[in-house]
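Work through the exercises below with the sequence and the 3D structure at hand. Try each task before reading its solution.

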Amino acid sequence: MAHDPADETLSSDEIHEALEANEPIADELLEAAADVPIVEPRGEPISVSSSPGQTRAAWFFGTVVIALLAVQTAQPFLSPAPGGNEPSIAAAGPAAPVVARASPAEEIDRTLREMRVHLSRGLYEDVRRLLEPLVDDPARLDRDQRFEALIMLAKAYRSLGNVEKAQHYSLLATDQMIERREPAEILEFAGTLANDRRQDEARVELMKLLARRDGFSEKDAPWLSLAEARIADAWYTQAKQSGHLAPLPGARAPESGR
Amino acid sequence: MTALAAAFLLLPASPQEPPEPAAADPALLQEQLVARDAAISVKLVSGEGESELLDVVSHGAPAFEVLVRVAQATGRTLKLGPGDAAPRSHRGVDANLKRRPLREVVAWIAGAAGLVSEVTRGDVRCEADLPEVAAPEQALARAIDAYRTALLHDPTRPDAPRLRFEIGNALYQLGDFLESVSAYHDLERDSPEFGDLPFAYFRCGHAHAQLGDEVGAQAQWLAIAELFPRHRLVAAARLAAVRSFRRQKDEVNASLALRFVVEGMRDGLAPEDLIEAGELLNEGGSSERAVEALRCALRSTSDPELEERGLTALARAQAGRRDWTGVIATADGYVKRHPDGPRAAEIEWLLAVAHRELGDPFTALLALARARELRPDDRIEMKCDLLEGQIYAESGLAERAQRGLARAGACDFPEIAAPALAAHARLLIDGGQFEAARRLYERLTSLPDHEVEAAIGLAEVSLLQHNRRLCLAVVNETLPHATGRERDRLLELALEALHQATPGDLEPTEGDHER
């Protein structure tokens, strides 16, 4: 793996195993996501490196919760109340606005809660329709929200039979949760390599950063922009270090050194 | 799919991975690829007829698998170069790219695995990024592409002027002067506050000069003094302008620009500028001031390269002053400090000139022999031939002299060929070989600025051959172009021809009427 396993939530071997198998990682992530409390904020990212026993337990409880929700949802239709005018759970369900003047983050949380319920009810098209524009906008979601949205999208697509899209979103969710060095640290490291005349290695580090370019938030955009310039600088310095280039006119002027 | 299998077959097994199935079984290969596909998502998201845009997500999947999928999605074949490319392509790469152009996707994913890539109409080619193998021109071209891409992604980035400047520099070093001029001009227009703008003007001037546009070059160089009057490059730019004016034979402006530099010498010039000024002063005939500037430069520098250049220029300037003992002292200093310097052959030649002038032809010939041992360039080699011929001629060794002069006379440097042809012709005349001498003078006629000298020689030969009609014809033809002593000499020859003439010689022919 390209990144340092010690810094990751997922180890190299675990990811490798997950990728080799028939999409088990997505299933694990999905099941883990089903266990996430709907309202309470998470203190730590969801770990997908739990033992098989824990996973099975999580899967079991998830199944139970989903089954209970399904029974609850279906109950009013199966045995209508004698009064008939009482509001059903579905009608009064989580789709109705609960919090007035909610902050954008709270709004997103509420949408995600709703989507979870939609998912449990099999309203996959709704999930897809509402969440897809949301995950496309990197500025609107924080890291955890984005992970949750991606997981739900993956599940919705899998249920809709679009395995390719499901896989795509599962991978994006995994990418979201892998701990890596910050772009600024990578640039500094690449700078050190370049100063040691290891231009090719510096380029590799910077290219790794750019290969994940669209997984970063907007705040990292300046670093990515800088990485592009540094790659160009690495090529140019390499050409200069060959000693076979004609000197530039005025290059000996002491104040610049350019 | 054949391409996919072929690309896969190219790659040897990595020691970390489980053994690969037998390569001969395509079904197994296919299955394995499908299994590995699980960690990669590649999708072409652009429509037909649009430029290719891709969504790519991968986690630790081998680079070649991602690249194969990318190549497949765009109807191309992945080709890996020989050597390290295949092992490197096994490196795992993480990718998260959305609606990115094909070239960027390939460049970044291949780059993350230590590969360099090239996308063509039918292929995606990858090779190992090995700095020791890549040609500097290739690295420059990649640098230019990378700078342009960075600017394209963010044209308003804070370091945009620096990137433009580097593009201009890289293009200059690549020898693409036209493009580099364009890059520098864009920078001058768009970023007037850029800190290194004087360098852009200076290099832009040199790029113009390389393209033969002397006026454009002068405009750039002289603008530095106006826009950045206290910048260190002012003197260097003016000196470059002096050279440019001289190339245009505009001695007035050359002298004016050189005067500005010389006046600035009091305020202190960089040693490099002092040496350049010394060389230009010497070329302009101001040997005295050249020596002054060069001595000043040599006192203020310890850079061996500059010192070596300065000593050579000083010896030349001393030769211009006919200070032969000074030339010998400077040449001795050079030989002691830089025995294998790049200008050592020229120094030996100057030493030979000085000894010849001091009446020591033997030592002069020894210096010439040393100069030849130092593998001089063509020009110095020819100068040695000329000088050797002249020394032998003066010593009465006509046959040896003719060999050296014949070689020098056949060279492509007019300033060497002309004296060699004239001296050789004179030797031939002395030996009574008038026709051979005539041929040499006819060759001399073809050299620029030597027409009158050649005509005088031809007239003399004609007179010696008693061809008075031809002598008068040559004088008649050349007289309007001759001035001063040359004109006097031509008139003398004409008078002599007329004195020797018989009445039959001077009757006009049909050709004379036409003339």
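Predicted model: local features only at pLDDT ≥ 70, side-chain atom pairs only at ≥ 80, totals over all residues.

Residues are numbered from 1 along each chain as its sequence is written, and chains are lettered from A and ligands numbered from 1 in the order in which they are written.

**Exercise 1. The two chains**

Task: State how many helices and strands chain A has, and how many chain B has.

Solution: 
- Helices (H or I, at least four residues) and strands (E, at least two) are DSSP runs, numbered from the N terminus.
- Chain A has ten helices and zero strands.
- Chain B has 26 helices and six strands.
- A residue is buried if 20 or more other C-beta atoms lie within 10 Å of its own, exposed if 12 or fewer, and partly exposed in between, with C-beta atoms placed from the backbone.
- By that rule, 34% of the 258 residues of chain A are buried, and for chain B the share is 46% of 515 residues.

**Exercise 2. The sheet with S1, S2 and S4**

Task: Give the strand order of the antiparallel sheet in chain B and find what packs on that sheet.

Solution: 
- Strands of a sheet pair through backbone hydrogen bonds, either parallel or antiparallel.
- Two strands count as paired if DSSP finds at least two bridges between them.
- The order is S1-S2-S4 (chain B), in an open sheet of three strands.
- Strand S1 (40–44) and S4 of chain B each have a single partner strand, so one side of each lacks a neighbour in the sheet.
- From one strand to the next, the twist averages 10°; axes are lines fitted to C-alpha atoms, for helices over the stretch in contact, and angles run from 0 to 180 degrees between N-to-C directions.
- Seven bridges link S2(B) and S4(B) in the antiparallel sense, and Leu54(B) has Arg100(B) in S4(B) as its bridge partner.
- Helix H7 (residues 163–177) of chain A packs on this sheet and touches S1, S2 and S4 of chain B, at about 60° to S2(B). Contact here means that the C-beta atoms of two residues, placed from the backbone, lie within 7 Å.
- H5(B) also lies across S2 and S4 of chain B, at about 170° to S4(B).

**Exercise 3. The sheet with S3, S5 and S6**

Task: Give the strand order of the mixed sheet in chain B, and say in which sense S3(B) pairs with S6 and how S5(B) runs relative to S6(B).

Solution: 
- The order is S3-S6-S5 (chain B), again in an open sheet of three strands.
- Strand S3 (77–80) and strand S5 (115–119) of chain B are the edges; each has a single partner strand, so one side of each has no neighbour in the sheet.
- The twist here averages 20° from one strand to the next.
- S3(B) pairs with strand S6 (residues 123–128) of chain B in the parallel sense over four bridges. Thr77(B) stands opposite Asp123(B), and Leu80(B) is partnered by Cys126(B).
- S5(B) and S6(B) run antiparallel and are joined by five bridges; they form a hairpin with three residues between them. Cys126(B) is also the bridge partner of Ser117(B).
- Five of the six residues of S6(B) are buried.
- Helix H3 (residues 63–73) of chain B lies across S3, S5 and S6 of chain B, at about 145° to S3(B). H5(B) lies across S5 and S6 of chain B, at about 160° to S5(B).

**Exercise 4. Helix H15 of chain B**

Task: Decide whether H15(B) is largely enclosed or largely open, and say why.

Solution: 
- H15 (residues 304–320) of chain B has 17 residues and spans 24 Å from its first C-alpha to its last, close to the 24 Å expected at 1.5 Å a residue. The expected span is 1.5 Å times one less than the number of residues.
- Twelve of the 17 residues are buried, so H15(B) is largely enclosed by the rest of the structure. Among them are Glu307(B), Arg309(B) and Leu314(B).
- The cover includes helix H13 (271–283), helix H14 (287–300), helix H16 (324–337) and helix H17 (344–357) of chain B.
- Just after H15(B), Arg322(B) has a positive phi of about 60°.

**Exercise 5. The core and the contact between chains**

Task: Name the residues that Ile109(B) touches, and find which helix gives the largest share of the side of chain B that touches chain A.

Solution: 
- A nonpolar core is a set of buried Ala, Val, Leu, Ile, Met, Phe, Trp, Tyr and Cys residues joined through C-beta atoms within 7 Å. The largest has 199 residues, and Ile109(B) is one of those with the most contacts inside it.
- Not counting residues up to four places away in sequence, Ile109(B) touches Ala211(A), Ala63(B), Val66(B), Leu67(B), Val93(B) and Ala95(B).
- The contact between the chains takes 49 residues from chain A and 50 residues from chain B.
- On the side of chain B, H6(B) gives the largest share, ten residues.
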